[in-house]
Amino acid sequence: MLDKTTQPSVCLVICGGIAAYKACEVLRGLQKANCDVRVVMTEDAAQFVGKTTFEALTHHEVVQSLYNNTETPVAHVDLADWADCMVVVPATANIMAKMAHGIADNAASATLLAAHTPVLVAPAMNTHMWINPATQANVALLRQRGIQMVMPESGHLACGYTGDGKLAPVQQIVDSALKVLSGKDTVSAKQDLAGKKLLITAGPTHEKIDPVRFIANCSTGKLGYTIARVAASRGADVTLISGPTYLEAPEGVIIQRVVSAEDMYKACMSVFDDVDAAILTAAVADYTPAHPADHKLKKSLEYLESIDLKETTDILASLSKAKKGQVVVGFAAETNNVLEHAQAKLERKGCSMIVANDVSRPDSTFGSDTDRVAFVTPQGIEQLETLPLSDVASELLDRVAKMLEERA
């Protein structure tokens, strides 16, 4: 049995990847936050950073084998009993596969299988390994079981590739571990959407007049991206279909970038059959030029007195008509008679719920960091006060999760 101190106890599990050297920085960050840290590492991890380094930093024996450990004869069980939290850095595809399927063939995997306190995983690997369906299925399964993730970023990788799979910043991993230890990481701890597939649309659409001009609106995509981020943190498998924005893709979200209303319609229809819910925040253009020019129009030669328009395909109505048990949520950005227009839209489109907001208000307009919404369903209207976008996302997803539970 390992002796516990009054300090928070963290078992740092280090796996074999080039990002293993970053585990040293994570360890020091946890120590600076007054954590007592012990290390278990794989044989492959020692190929990148020797165990002597971690023994010098922790003043404890590093566990690398299930046998012959002087501080504890049953290392994997004692470490699991001792730790208030386990942090896996870097988490390889291999260790996550073992965690997902209960394989305990070395000290690291056996310790993780014995864990009965929170586990935080920070993956890092080659892009193709990360996006491989097997890895993504294992990540989804682990999150469904309550394993918390600090998802990898996109960037230049040591293997020479550029893409997803880069270890999250050290401070982000440390901060996430401290939140877990303090019990304040309620957003990521709540996994009520684990195993659910969500389609979320966001941003404006651009309807081409000619190759350099288009019709658009004021949508920034901020709310849709926030909903996607919060949904992913609650365990959902999220596909975000985004019109043109300058926003970065949320961690752990599959993103499809489109331009026009027609592009967005096709993208939505291609994935809708496989999702449990669709949340359509995008401000899709109602009209598009009927005859866009294939060259830049010259004012001096091709004076544009008017633009012939045609209606775009109604995505919300189309998905509502096509739904087979899915929850479909639409949005109504209005400037007057907000609730009346939202109720009429709900009846006209046939969706599960309309989220109405008054975009004439400075605290609820396009690009704001807050929103004042009302949830309109066939059962009635629920008006919320002005809230930060993350809180709006959480309130919305609470209701979507409840609808999914009722339908199940």
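How many nonpolar, polar and charged residues does the lining of the largest pocket have, by class? I looked this up and found 19 nonpolar, 17 polar and nine charged residues. For the classes I counted Ala, Val, Leu, Ile, Met, Phe, Trp, Tyr, Cys and Pro as nonpolar, Asp, Glu, Lys and Arg as charged, and the others, Gly among them, as polar.

**Entry: ground rules**

I am working on a predicted model, where local features need pLDDT of at least 70 and side-chain atom pairs count only at pLDDT 80 or more, while totals for chains, interfaces and linings use all residues. I number residues from 1 along each chain as its sequence is written, and side-chain values use heavy atoms, with hydrogens and water left out.

**Entry: the whole chain**

I noted 14 helices and 21 strands in the protein; helices (H or I, at least four residues) and strands (E, at least two) are DSSP runs, numbered from the N terminus. Along the principal axes, the C-alpha atoms fill a box of roughly 85 × 50 × 35 Å. Of the 408 residues, 50% count as buried, where buried means under 20% relative accessible area, exposed over 50%, and partly exposed in between (1.4 Å probe, protein chains only). I then took contacts, meaning heavy atoms within 4.5 Å. Among those between residues at least 6 apart in sequence, 66% join residues at least 24 apart.

**Entry: the two domains**

The domain assignment gives domain 1 (9-182) and domain 2 (197-406); such bounds come from an automatic or database domain assignment. Their centres, taken over C-alpha atoms, are separated by 38 Å. I found four residues of domain 1 in contact with five residues of domain 2. Between them the domains bury about 400 Å², 40% of it on carbon and sulfur atoms. In domain 1, Arg-143, Met-151 and Gln-172 lose the most area to domain 2, together 84% of what that side buries. Buried area here is the accessible area (1.4 Å probe) that two parts lose on being put together, summed over both.

**Entry: the largest pocket**

I went back to the pocket and read off about 1,100 Å³ of space. Its lining counts 45 residues, and the closest to its centre are Ala-282, Ala-283, Val-284, Phe-331 and Lys-345. The elements that give two or more residues to the lining are helix H10 (222-233), strand E15 (309-311), helix H12 (315-322), strand E16 (327-334), helix H13 (338-349) and strand E18 (370-371). E16 gives the largest share, five residues.

For the terms, I used a 1 Å grid over the protein atoms alone: a cavity is a set of points where a 1.4 Å probe fits but cannot get out, a pocket is an open set with protein on both sides within 12 Å along at least five of seven lines, and lining residues have an atom within 4 Å of a point. Grid points are joined across faces, edges and corners, and a volume is the space filled by probe spheres set on the points.

**Entry: the cavity**

I searched the whole structure and found one cavity of 30 Å³ or more. The largest cavity has a volume of about 60 Å³. Leu-2, Arg-38, Val-39, Glu-61, Val-63, Glu-71, Thr-72 and Leu-79 line it. By class, this lining has four nonpolar, one polar and three charged residues.

**Entry: helix H1 and Val-170**

In helix H1 (residues 22-32) I listed Ala-23, Cys-24, Val-26, Leu-27, Gly-29 and Leu-30 as the buried residues. They pack against strand E1 (9-14), strand E2 (36-41), helix H2 (51-58), strand E3 (85-91) and helix H8 (170-182). Val-170 lies in H8 and is buried, with a relative accessible area of 16%. Not counting residues up to four places away in sequence, Val-170 touches Lys-22, Glu-25 and Val-26.

**Entry: backbone**

Most residues other than glycine have a negative phi, and most peptide bonds are trans. I picked out the following.

- Just after H1, Asn-34 takes a positive phi of about 70 degrees.
- Asn-68, in the loop between H2 and helix H3 (75-82), has a positive phi of about 60 degrees; at 78% relative accessibility, Asn-68 counts as exposed.
- Asn-337, in the loop between E16 and H13, has a positive phi near 45 degrees and is partly exposed, with a relative accessible area of 46%.
- The peptide bond from Val-89 to Pro-90 is cis, with omega near -15 degrees, and Pro-90 sits in strand E3.
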